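Reader: I am new to this one and would like to go through it slowly. Could you put it up so that we can look together?

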Amino acid sequence: MKKLQLTTLFLATTLVASACGNSNGNNETAGSSASSTASAATTPASSSAAATGASGSEPFTLKVSYWADNKNGYYEEVAKRFKEKYPNGTVEFNQHPGDKYNELMNTRLAAGEADDVLFNMNMTAYAKAGYLMDLSGQPWIERMNDSAKTAAQFEGKTYGAFLEVNTFGVFYNKKIFGEQQLVPPTTWDEFIALNEKLKTQKITPIVEGFKDIWTLQAAYIPIAISTYFGSNPNFERDVYDGKASVNGPEVTGALAQFAELADKGYFNKNSLSIGNDQALQDFIDGKAAMHMMGSWTPGVIDGKTQNFPLGFFIIPAKDGNTVMSAGTDKGLSINAATKHPEEAIALVQLMLEPDMLELYGKDNALSAFNDVNPVFANPAMSEIQTALQAHPGHRNPGDYFPPSVQDALNTALTKILAGGGVGDTAAELAKLYEKDKSKVNF
């Protein structure tokens, strides 16, 4: 769910909603909190259940709730294959409007009336409330990338899978790069050097539309993801536990690198006065060589023009390991109250088989599974998927910062772009963090 997931960086839902419109159709909004009414389920589902429990002779029906548009006939193929494997079973997929989905799921779960299998974006809250089956030990867990594994856990137990990820990076015009004999960088210094060469050739290196405030994060995240987590994957948890500080090398390093791009004039001169739509059009029109944005960008460009020479790379870390943002999307869980637990496990296992996920993702979604490679008509999407599998993935920087810190960060980035410098930004962010720490959702 491209619209929902991204916004976790700048707090839950505004970023992607502003970014990509209704990219998955059906008013795709499904991420609010569940009321906590019970303790989390504690008995893990047997990993052998799928092989034994769904083969009985009694007829049964499994109901599945979802909200996103049905792409590539995925749901029909799931139902067909399940019927072939378990002739006594029927799978019923029930689609609900995305803008009402959370409310509906919360109501039905609380009333004990929810379907057997649930697509959702509230996995942690639902697990905490005791609504989801503990799926720890299921064979598909180890196939997920690290970001998805972490997002599917609550108190060390796994309560589902995520089918998709969204990410950020640098999209570039291959024609301009070819003419200037440039290649994607492998170090921060190489990234700076190619920006400098483009500027010397009177080519705008990077075009952005920072008038739309959410785009500040789209440019900051590809830098911050490695400075925050490249040396310490648990940085934000350590800040929460008092073992690290917002006013430390992770945040100050990210701010300094963003400021380097701004101070050296690598962004378009009108970046603060145009919005994202204009920036993207300028990129398509060849007025700049690069555009820092989210993984939905190839689809947006394909809707505007054909055969654009689009490429993708991630910004290399300046120090430490290069990390890639991997915001999870489309959670899949089992209702703890299902009357057919073993059959539901068998169904989820089928839905997560590599060939099924490749069908699901074809020209549609980046996979959260390391062994899944969907086919994309736009080569840039394949480049993104390859990069995700080649680098450690992590939830977006700032996911575990209070809203006040994220708002202040955006204000600081705007100030940097206007020539105001970094100043004491990190120290000010640290004070806000301590003031509003109670709003952090760990």
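Reader: Let me start in the strands: which residue in β9 does Y172 stand opposite?
Author: Y172 stands opposite M290 in β9; please keep in mind throughout that this is a predicted model.

Reader: And how many bridges join strand β7 to strand β9?
Author: Strand β7, residues 168–173, is joined by 5 bridges to strand β9, residues 288–294, and the two run antiparallel.

Reader: What is the strand order of the open sheet?
Author: The open sheet has 4 strands in the order β8-β9-β7-β10, with mixed pairing. Its edge strands are β8 (204–206) and β10 (310–313), each of which pairs on one side only.

Reader: Which strands does helix α17 lie across?
Author: Helix α17, residues 379–390, lies across β7 and β10, and runs at about 10 degrees to β10.

Reader: Changing topic, is Y228 buried or exposed?
Author: Y228, which lies in helix α10 (residues 215–229), counts as buried because its relative accessible area is 3%, and buried means under 20%.

Reader: What does the side chain of Y228 join in a polar contact?
Author: A polar contact of 3.0 Å links the side chain of Y228 to that of Y220. Leaving out residues up to four places away in sequence, Y228 also touches others, including F235, A254, P397 and F401.

Reader: Last one: how many residues has the largest nonpolar core?
Author: That core has 86 residues, and those with the most contacts inside it include W140, L352 and F369. Its largest share, 7 residues, comes from helix α15 (residues 341–351). Another core, of 51 residues, lies apart from it, with V170 and Y433 among its members.

Note on methods. Residues numbered from 1 in each chain as written. Predicted model: local features only at pLDDT ≥ 70, side-chain atom pairs only at ≥ 80, totals over all residues. Heavy atoms only, no water. Buried < 20%, exposed > 50% of the residue type's maximum accessible area, 1.4 Å probe, protein only. Contact = heavy atoms within 4.5 Å. Polar contact = N/O pair within 3.5 Å; in protein donor to acceptor, adjacent residues only side chain to side chain. Core = buried A, V, L, I, M, F, W, Y, C linked by side-chain atoms within 4.5 Å. Pairing = 2+ DSSP bridges. Axes fitted to C-alpha atoms, helices over the stretch in contact; angles between N-to-C directions.
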